[in-house]
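Student: I am new to this structure and would like to learn how to read it. Please take me through a few features, one at a time.

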Amino acid sequence: MISEPPSGSGPTPPPPGGGPTPPYGGGPYDGGGGPGYPGDPLAGMPPLADSARRTLARIIDMVLVGVVVSLLTWAFGLRVYSVDNDRMQVGRSVAPAVIMAVLYVLYDTVMISRSGQTLGKKWLAMRVADLDNGTTPSVQTALIRSLVLWLPFAFCCCCLWTAIAGGWSFFDKPYKQGLHDKAAKTVVVNTG
């Protein structure tokens, strides 16, 4: 006959609400609430990154990838603009926009899914984390985030879209998410 262990001994029951163990300590992530409330997905995570620093990191990344795009389009003789005498015209080739979109999406997806950081984010001590558990986003999550941010940027209203998508984090409550973060269910947190 198997006897029951005396009360107070034996394995500890799982925490109420279940959920994975958070990477930064603290309670389980069970969603809902907002910062400081029970069930807050940010419980135990580092503080959210400042939107101005996020913008600076994005500018750094845009310059880095923009240099590569410029070199590739120059190497292959692709032009967005053509200048004849005193007239400047928008080129008919969509190749530079396709190259730009592919490189930006690839760069962001690979970097974010590997460490949660692009070079700009790494240099400014922040990273992207899944909102529900604080982990580094999967390739699928990073791809969704990148597509929402970079496809409109490459094919149409680049300045306007960047201001709207990234600038959303300045006004978003409670998680300071850009539109690309909302689509992928991610947040940007400090690392240092």
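Student: Is Arg-58 buried or exposed?

Tutor: Buried means under 20% relative accessible area, exposed over 50%, and partly exposed in between (1.4 Å probe, protein chains only). Arg-58 has a relative accessible area of 9%, so this residue is buried. Some background on the values: this is a predicted model, where local features need pLDDT of at least 70 and side-chain atom pairs count only at pLDDT 80 or more, while totals for chains, interfaces and linings use all residues. Residues are numbered from 1 along each chain as its sequence is written, and side-chain values use heavy atoms, with hydrogens and water left out.

Student: With which residue does Arg-58 form a salt bridge?

Tutor: A salt bridge is a side-chain nitrogen of Lys or Arg within 4 Å of a carboxyl oxygen of Asp or Glu. Arg-58 forms one with Asp-108, with the closest N and O atoms 3.4 Å apart. Arg-58 lies in helix α1 and Asp-108 in helix α2 (residues 95–115), so the pair ties together parts that are 50 residues apart in sequence. Helices here are DSSP runs (H or I, at least four residues), numbered from the N terminus. Asp-108 is buried, at a relative accessible area of 0%.

Student: How many salt bridges does the structure hold?

Tutor: There are 4. One of them joins Arg-54 to Asp-181, with the closest N and O atoms 2.4 Å apart. Arg-54, Arg-145 and Asp-181 are linked in a network of salt bridges.

Methods. Helices (H or I, at least four residues) and strands (E, at least two) are DSSP runs, numbered from the N terminus.
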